[in-house]
Amino acid sequence: MIKTSASAKIILFGEHAVVYGQPAIAVPVSDLRAYVSVERARNDLKIFSLNKGELVKVTRKNAHPLAVTARLTLEKIGYHTLPGLTLKLKSDIPMGSGLGSGAAVSTAIARALCAALNKSLPLEELNAVVYEVEKLHHGTPSGIDNTVIVYEQPVYFVRGKPLETFSIGKPFTLLVGDTGIHSSTKITVADVRILYDSDPARITPIFERIGEIVRQARAAIETGNIEALGPLMNENHALLRDLTVSSVPLDTVCQAALEAGALGAKLSGGGRGGNMLALVTEETAPTVSEALLKRGAVRVIQTAVQFTESRL
Ligand code: MEV
């Protein structure tokens with residue numbers, strides 16, 4: 001039985017500004033995954049999404065993102081017919097919440113097709129396939145989401161530049177609080193574009209300061225200076241608010257985290273809903289988690305950011 005998977009991701013610092021060439025830092029959340037299992041079928045290629053109860057037939061023309069993922073993968077591995085397979089998709093990653101569910105699903109599907117057809121796809125080419133599908137979901141993505149998910153490594157990402165990973169001096173703990181509000185990254189990215197186009201002189205320094213925060217955060221992570229990350233998260237959140245991508249529920253849960261003892265808090269991903277992050281210790285994690293749930297989070301996941309063997 002072939003079964004493949006791909007992880008969720010969180011952006012630690014730098015979302016939105018990354019679209020404009022600033023660096024950003026993202027890490028995989030390996031406990032939260034999308035899974036695909038493969039069964040041989042007589043003649044056609046189908047993808048069954050167990051989460052949505054939806055059956056997608058892969059044909060030459062079907063423009064559904066799952067069908068596009070399958071076609072692009074087959075093209076890349078030089079497979080020119082549609083194989084007789086049924087792919088069953090089950091994802092534990094909440095959709096529309098900034099955890100990269102779309103990119104994880106595409107990655108797991110591409111991996112499943114390669115495994116079933118006994119082909120291998122270098123990570124760089126798999127990343128290119130998933131990026132193409134990300135464009136269908138998100139319009140003009142920077143490429144950070146697909147990259148962190150395909151490589152399943154902490155990444156220091158600059159659009160159009162060779163991929164860099166970095167070391168984690170000391171593990172640290174984050175709570176990922178879900179506001180339960182579905183938000184479209186496509187819309188928030190487009191709104192930031194409108195804001196930037198309307199007043200580049202005001203918005204450019206915001207992007208530049210976010211870039212500086214990312215560089216400082218990387219240095220703090222590498223040297224294990226975890227306490228320094230808290231104020232950087234708070235400032236990054238305030239700048240994202242200036243870019244209009246925060247919201248009352250996000251501000252409320254971030255504030256609740258700080259009042260309950262978190263070292264820092266910020267929204268993560270596209271914003272206006274989805275997830276926020278709180279930097280905690282083993283001791284503060286339960287109190288902060290309780291405060292997040294009390295002030296509006298529908299789910300809290302605890303994740304450790306730590307060194308993983310590099311696959312780059
Ligand atoms: C979304 O996870 C991150 C954004 O910066 C968009 C992108 O980089 O494509 C908001």
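The model is a predicted one, so please read each value below as computed from predicted coordinates.

Let us start with the helices. Two packed helices are described by the angle between their axes and the distance between the axes. Take helix α2 (residues 101-116) and helix α4 (residues 144-151): their axes come within 9 Å and cross at roughly 45°. That angle makes α2 oblique to α4, because an angle counts as roughly parallel under 35 degrees, and as roughly perpendicular from 65 to 115. As for handedness, α2 passes α4 in a right-handed crossing. Which residues do the touching? On the α2 side they are Ala103, Ala104, Thr107 and Arg111, and in α4 they meet Asp145, Asn146, Ile149 and Val150. Sorted by class, the residues of this contact of α2 with α4 are four nonpolar, two polar and two charged.

Helix α4 also meets helix α3 (residues 123-138). The axes of α3 and α4 come within 9 Å and cross at roughly 140°. The crossing of α3 and α4 is right-handed. From α3, the residues Leu123, Glu124, Leu126, Asn127, Val130, Tyr131 and Glu134 take part, and they meet Asp145, Asn146, Thr147, Val150 and Tyr151 in α4. By class, the contact of α3 with α4 holds six nonpolar, three polar and three charged residues. If you place the two contacts side by side, you will find Asp145, Asn146 and Val150 of α4 in the contact with α2 and also in the contact with α3.

While we are among the helices, have a look at Thr73, which is found in helix α1 (residues 65-76). Is Thr73 buried or exposed? Its relative accessible area is 0%, so Thr73 is buried. Leaving aside neighbours within four places in sequence, Thr73 is in contact with Ala110, Leu113, Cys114, Leu121 and Val129.

Now for the aromatic rings. A pair of aromatic rings is described by the distance of the centres and the angle of the planes. The structure holds three aromatic pairs. One of them joins Tyr20 and Phe207, with 4.3 Å from centre to centre and 20° between the planes, and this pair is stacked. Tyr20 sits in the loop between β1 (2-13) and β2 (24-40) and Phe207 in helix α6 (residues 200-223), so the pair links distant parts of the chain, 187 residues apart. Phe207 has a relative accessibility of 3% and therefore counts as buried.

Phe207 has another ring partner, Tyr196. The ring centres of Tyr196 and Phe207 are 5.8 Å apart and the planes stand at 35°, so this pair is tilted. Tyr196 lies in helix α5 (residues 185-198) and Phe207 in helix α6, so the pair ties together parts that are 11 residues apart in sequence. Tyr196 has a relative accessible area of 23% and is partly exposed. Taken together, Tyr20, Tyr196 and Phe207 form one aromatic cluster.

The phi of His16 is near 70°, a positive value in a residue other than glycine. At a relative accessible area of 4%, His16 is buried. Arg272 likewise has a positive phi, about 60°, although it is not a glycine. Arg272 has its place in the loop between β8 (264-268) and β9 (275-280), and with a relative accessible area of 26% Arg272 is partly exposed.

Our last stop is Lys170, found in the loop between β6 (155-157) and β7 (172-178). Lys170 is partly exposed, with a relative accessible area of 40%. Not counting residues up to four places away in sequence, Lys170 touches Ile221, Gly224 and Ile226. How far apart are the C-alpha atoms of Lys170 and Phe307? They are separated by 8.2 Å, while the two residues are 137 residues apart along the chain.

Methods
Residues are numbered from 1 along each chain as its sequence is written. This is a predicted model: local features need pLDDT of at least 70, side-chain atom pairs count only at pLDDT 80 or more; totals for chains, interfaces and linings use all residues. Side-chain values use heavy atoms; hydrogens and water are left out. Axes are lines fitted to C-alpha atoms, for helices over the stretch in contact, and angles run from 0 to 180 degrees between N-to-C directions. Helices (H or I, at least four residues) and strands (E, at least two) are DSSP runs, numbered from the N terminus. Angles under 35 degrees count as roughly parallel, over 145 as roughly antiparallel, 65 to 115 as roughly perpendicular and the rest as oblique. A crossing is left-handed if the near helix is turned anticlockwise from the far one by less than a right angle, and right-handed if clockwise. Contact means heavy atoms within 4.5 Å. Ala, Val, Leu, Ile, Met, Phe, Trp, Tyr, Cys and Pro count as nonpolar, Asp, Glu, Lys and Arg as charged, and the others, Gly among them, as polar. Rings of Phe, Tyr and Trp (its six-membered ring) pair if their centres lie within 6.5 Å; planes under 30 degrees apart count as stacked, over 60 as edge-to-face and the rest as tilted. Buried means under 20% relative accessible area, exposed over 50%, partly exposed in between (1.4 Å probe, protein chains only).
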